[in-house]
Structure formats: C-alpha cells, structure tokens
Amino acid sequence: MQKQTVAFSKNSSNLFFHILTKCNLSCTHCYINKDQHGVDTLDIGTIKKWLKLFANRPVSDKNNPKQALINKNPADKSMVNKAAQTNVIFLGGEPTLHPDLHLAVKEAKSLGFKSITIDTNGYLFNNILDKISCDDIDYFSFSLDGATQTTNDSIRGEGSYDKVMEGIKKAVAKNFSCSMIYTVSEKNFHELELMEDLIKNLGIKRFFIQVIGMRGKSSGSKGNFQVSKENWLKTIPKTAKKIAGHGIVVTYPKVFLNNDETFQCAGNVADNFFVFPNGRVYQCPICEDFPLHSLEIRGNKLIPTQKINEKDLFKLTIPEGCVMNKMIQPQNLSYNKVGEPYHQIACCMLKEEIS
Ligand code: SF4
Ligand code: SF4
C-alpha cells in the first residue's frame, strides 16, 4: 500500500465543465449558485466550441522551467501536444440531463483529451449507458453521501440512495470504470467507516473523499457543517487506508498542513478551469460564489477579466495558508495566545492518495 501527497500536476490541466446547472435533485450542500452560474443549458454546438478552447492548449509555464522551454518552442508539435493534455470532467447540475452528453463525450474523445469523466448523481438520464461505450470515457463518478439510505437521502433527497446504487451496478455490468465521491460533513461523518463494507464488492475502482465547502447552499445555511480538525485527522486517513486495502484507490483532501509542509496555491502553480454555462471560468473552486473569475468565454474566445479577480488573491501570502479559506470559511482556523494560527489550511485541491 502506498500513500502519497499528489502534488499539483504541472504537465496536465483539468477542465471542470458544467454544461448545465439544471438538476433533478436538491442536495442540502449543493454548490451550484444559479445567481452566479446562470440557468442555461449549453447547446451541443457551443459545448464543442468551448471544448476546443481547452483541448491541446499549451500548459502554462508557472513555476515549470521545462514547460517554459516547450511553450517558447511551439514549432515542436510533438512536445506541445504531449505537454498540453487536459483531463475533462463533465458536470452539472446533473450532466446526464443533457440530451447530447454522449455527443459531447465523443467530441472530447476526438479532440484528444487525456481523460474523460462524467460526474453523476446516479440517475443516468437519457440512456447515457447505451449511447457511449466504456472505450469513450475513463470514469463514471457517482456521488453518495451516506452509508445508509436514511443519512444519504436526508442530504441528497428521497430515493437517491437506491438510484445511485442501481446506477453503479448497471454501469459496472456494462464494464464502465466507476468511482464514488463522498462529501464529508458533520451530517455524515459518522458513517464514513461503514463505507468500507458497502463498497468493497461494488466494483468501483476509486473512492474520493471530499470536504464540504461553505459555498452554494452551505454558505447560506445556519451552523457549521465542516468536520473539526480532531475528527478529520482521527478518522479520514484511517478509513481511507482500510478502503484502499480492498484494492480501491482512495483520495482525500489534505486540508491541514503539518508544520514542516509548504503551502502552495494551485491558482499559482497549476491549471484548473471551472467553466460555467454563463461563460465564467474560475481557477479556484471556492471563489465560485463571487464574481471573482479570472477568465470568461465571450464570442467563443477565452478572455482574461478585469482586476480585481481571483488571481489577485492567489498572490497574497498569509500565515493561515489559503486566503479564500480565511475569507469564507474561517471556522476551521484556530490560533494560539499570541494570535498565530496552529496550522495552515492547504489548498482545497491538494490531495493525499492511497493506492
Ligand atoms: S446532484 Fe449535484 S448538482 Fe444536483 S443538487 Fe446534488 S450536488 Fe447539486
Ligand atoms: S483554494 Fe485557496 S489555495 Fe487553492 S486555489 Fe483557491 S485560493 Fe488558492
């Protein structure tokens, strides 16, 4: 068994593509904010054009001397293409509600994206399993937020537990590679340990533990649903290791940095793009409740936005680590008598992986 901190990838980028914001569910922690992200469903023509904007784009040379050389020498097409690979994750709302999702997947495939994933709540609308093959995509990623029907359905809605389990079984039976996402909060933290028994024979290959972010619906709700540092450190690494013992690759966010670890903001050193149907493109997911996007798509072109935007925040250095965390979810910070933070909060995109 091997545990490693997955450094931000400097040789590939990630496109988190929200092709619509419509959803059949209404999860209590949903991060979609229609005031900020719009209500549009992108038509397939627009999806294809926007995919092209991110396909084979040279990876930026942020902190990466080798990449700087490659970007200076674009004539060497073999190097550029190798370096420029982007992973695409189709998201919503619920992406399978889009009647042309299968065409979007096939377009991404023909454009040479490094990997293709569909994140779904399990309802698998529009017969998506019959319209694409397991050679077309790398993963279907299913969301489940409780080991029991009672807990999951209290967060994700009545009937969603049965639907997601049924969806996983159908996808596995058709040989699709499947993963699962469990968003940990105070509401379902106590059931994470039960997930080992539930998923060990389901046929999923990867298990992602996520931490609830105070954005979207969570930011407007009363109370703090974030798990305390003590509970997080006591439970998450141990449970992740147990699940990985069944041959499932487990990934979870680092959240709290040890004193000997260096803070890095992914916005400064990696290429992640969170694209919404209204054309906003963020590089930091926890900025998404605000008009702080650093790029936008206008006339099918990717254009930098005016200051002040998220990039100005990425440059700030504070003792607490992530600036956005301190601004929108400071509940997870604690200080000693002289006002120094006990720990830094890692970038939300820094992960531990056990394989
Ligand atoms: S399934 Fe996803 S998009 Fe739909 S309500 Fe739940 S969290 Fe939001
Ligand atoms: S979560 Fe924090 S550290 Fe990560 S990209 Fe956003 S601002 Fe930077």
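**Notebook: burial, backbone and ligand shell**

I began with Leu124, which counts as buried because 22 C-beta neighbours lie inside 10 Å. The cut-off for buried is 20 or more. The model I am reading is predicted.

I then looked up where Leu124 sits and found it in the loop between E4 and H6. Its phi is near 45 degrees, a positive value in a residue other than glycine. I noted the background: most residues other than glycine have a negative phi.

Asn175 is not a glycine either, and I read a positive phi of about 70 degrees for it. I found Asn175 in the loop between helix H8 (160-173) and strand E6 (178-184). Is Asn175 buried or exposed? I counted 11 other C-beta atoms within 10 Å, so Asn175 is exposed. The cut-off for exposed is 12 or fewer.

**Entry: cis peptide bonds**

Gly92 and Gly93 are joined by a cis peptide bond, with omega about 15 degrees. I placed Gly93 in the loop between E3 and H5. Another cis bond runs from Lys307 to Ile308, and its omega is near -5 degrees. Ile308 is in the loop between strand E13 (301-304) and helix H13 (310-314).

**Entry: ligand 1**

Which residues are around ligand 1? I listed Cys23, Leu25, Ser26, Cys27, Cys30, Ile32, Gly92, Gly93, Glu94 and Asn121. I sorted the shell into 5 nonpolar, 4 polar and 1 charged.

**Entry: helix H5**

In helix H5 (residues 101-110) I found these buried residues: Leu101, His102, Ala104, Val105 and Ala108. Viewed down the axis of H5, they fall within an arc of 160 degrees, so they line one face of the helix. I looked up what covers them, and the cover includes helix H2 (44-54), strand E3 (86-91), strand E4 (115-120) and helix H6 (128-131). After H5 comes Gly112, with a positive phi near 85 degrees.

**Entry: helix H7**

For helix H7 (residues 149-156) I noted Asn152, Ile155 and Arg156 as buried. Their arc around the axis is only 80 degrees, which puts them on the same side of H7. The cover over the buried residues of H7 includes H8. Gly157 follows H7, and I read its phi as positive, near 110 degrees.

**Entry: the nonpolar core**

How many residues does the largest nonpolar core have? I read 81 residues. Those with the most contacts inside the core are Phe17, Val88, Phe90, Ala240, Val250, Val275 and Cys347. Helix H11 (residues 229-244) gives the most to this core, with 5 residues. In soluble globular proteins, nonpolar side chains tend to be buried together.

Leaving out residues up to four places away in sequence, Phe90 touches Phe17, Ile19, Pro95, Leu101, Ala104, Ile118 and Asp119. Leu101 and Ala104 are among the buried residues of H5.

**Entry: the whole protein**

The protein has 14 helices and 15 strands. Of its 355 residues, 40% are buried. I also looked at contacts between residues at least 6 apart in sequence, and 73% of them join residues at least 24 apart.

How values were computed
Residues numbered from 1 in each chain as written. Chains lettered and ligands numbered in written order. Near = placed C-beta within 6 Å. Nonpolar A, V, L, I, M, F, W, Y, C, P; charged D, E, K, R; others polar. Helix = DSSP H or I, 4+ residues; strand = E, 2+ residues; numbered from the N terminus. Contact = placed C-beta atoms within 7 Å. Core = buried A, V, L, I, M, F, W, Y, C linked by C-beta atoms within 7 Å. Arc of directions from axis to C-beta.
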